[in-house]
Amino acid sequence: MNKSNITRNIIRAAGICLLALVPSTPFLALHAADKPSVSPAPSQLAKDLLGTWILVGKPGEVGEAPATGGRLKFLTGRHWTVTQADPSTGVTLFHHGGIYALKGNEYLETVEYANESTTNLIKQTFKFTIKVEGDTLTQTGIGNPWTEVWKRAK
């Protein structure tokens, strides 16, 4: 048997094995009672949170976003991360993140990972109330010291 016949036979055998693993179509049919779960549409606040934010202060003490360095917060539909680098060296001072949940204007942030400087935060959940007005995110800590104002990064 030549090399091309061996290759062809190996491909056929792999295809037969794959077909044997695939359930037949009757098992895939949905019953009328089996309705796919539908996630509720995200709230306007949830949509407004998405993106990159830069820390500009706290309520009553808001400044301009720094030209370099600064503390950045990134929010996706489920995950968040905060990172800050030294503006003169670029060395990361701290970095941590995890998942979040939003219920109305109550925001719960759970830390799942961190660099050496913030490992004490891992597995902790912090509660906030939040609001977004234009390009400003205000996050008020409930039972924690983090009450902050963020501007959407441009």
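A residue counts as buried when its relative accessible area is under 20%. Keep that cut-off in mind for the stops below. The model on screen is predicted.

**Stop 1: Asn 144**

Select Asn 144. It sits in the loop between β8 (136–142) and β9 (148–152). Is Asn 144 buried or exposed? Its relative accessible area is 12%, so Asn 144 is buried.

The Asn 144 side chain reaches the backbone oxygen of Lys 127, at 2.9 Å. Next, display the surroundings of Asn 144. Setting aside neighbours within four places in sequence, Asn 144 is in contact with Phe 126, Lys 127 and Phe 128.

**Stop 2**

Colour the aromatic rings. The whole structure holds three aromatic pairs. One of them joins Tyr 100 and Tyr 107, with ring centres 5.2 Å apart and planes at 40°, so this pair is tilted.

Check burial for each member. Tyr 100 has a relative accessible area of 9% and is buried. Tyr 107 is buried too, at 1% relative accessibility. Phe 128 is buried, with a relative accessible area of 1%.

**Stop 3: Thr 110**

Stay on strand β6 and select Thr 110, which lies in it. Thr 110 and Thr 125 are 15 residues apart in sequence, yet their C-alpha atoms are 4.1 Å apart in space. What joins the side chains of Thr 110 and Thr 125? A polar contact of 2.8 Å does.

Beyond its neighbours within four places in sequence, Thr 110 is in contact with Trp 80, Gly 97, Gly 98, Ile 99, Gln 124 and Thr 125.

**Stop 4: the largest pocket**

Switch to a surface view. Rolling a probe the size of a water molecule over the atoms shows where empty space is left. The largest pocket holds about 230 Å³ of space. It is lined by 16 residues. To find its centre, select Val 82, His 96, Leu 121, Trp 146 and Glu 148, the lining residues closest to that point.

Now colour by element. β3 (70–75), β4 (79–85), β5 (92–103), β6, β7 and β9 each give two or more residues to the lining of the largest pocket. Then colour by class. The lining of the largest pocket has nine nonpolar, three polar and four charged residues.

**Stop 5: the second largest pocket**

Finish at the second largest pocket, with a volume of about 170 Å³. Select its lining: Ile 54, Val 56, Gly 63, Glu 64, Ala 65, Leu 72, Asp 135, Lys 151, Arg 152, Ala 153 and Lys 154. Which elements give two or more residues to this lining? They are β1 (51–58) and β9.

Keep the class colours on. The lining of the second largest pocket divides into five nonpolar, one polar and five charged residues.

Technical notes
Residues are numbered from 1 along each chain as its sequence is written. This is a predicted model: local features need pLDDT of at least 70, side-chain atom pairs count only at pLDDT 80 or more; totals for chains, interfaces and linings use all residues. Side-chain values use heavy atoms; hydrogens and water are left out. Rings of Phe, Tyr and Trp (its six-membered ring) pair if their centres lie within 6.5 Å; planes under 30 degrees apart count as stacked, over 60 as edge-to-face and the rest as tilted. Buried means under 20% relative accessible area, exposed over 50%, partly exposed in between (1.4 Å probe, protein chains only). Helices (H or I, at least four residues) and strands (E, at least two) are DSSP runs, numbered from the N terminus. A polar contact is a pair of N or O atoms within 3.5 Å; within protein, one must be able to donate a hydrogen and the other to accept it, and residues adjacent in sequence count only if both atoms are side-chain atoms. Contact means heavy atoms within 4.5 Å. On a 1 Å grid over the protein atoms alone, a cavity is a set of points where a 1.4 Å probe fits but cannot get out, and a pocket is an open set with protein on both sides within 12 Å along at least five of seven lines; lining residues have an atom within 4 Å of a point. Grid points are joined across faces, edges and corners, and a volume is the space filled by probe spheres set on the points. Ala, Val, Leu, Ile, Met, Phe, Trp, Tyr, Cys and Pro count as nonpolar, Asp, Glu, Lys and Arg as charged, and the others, Gly among them, as polar.
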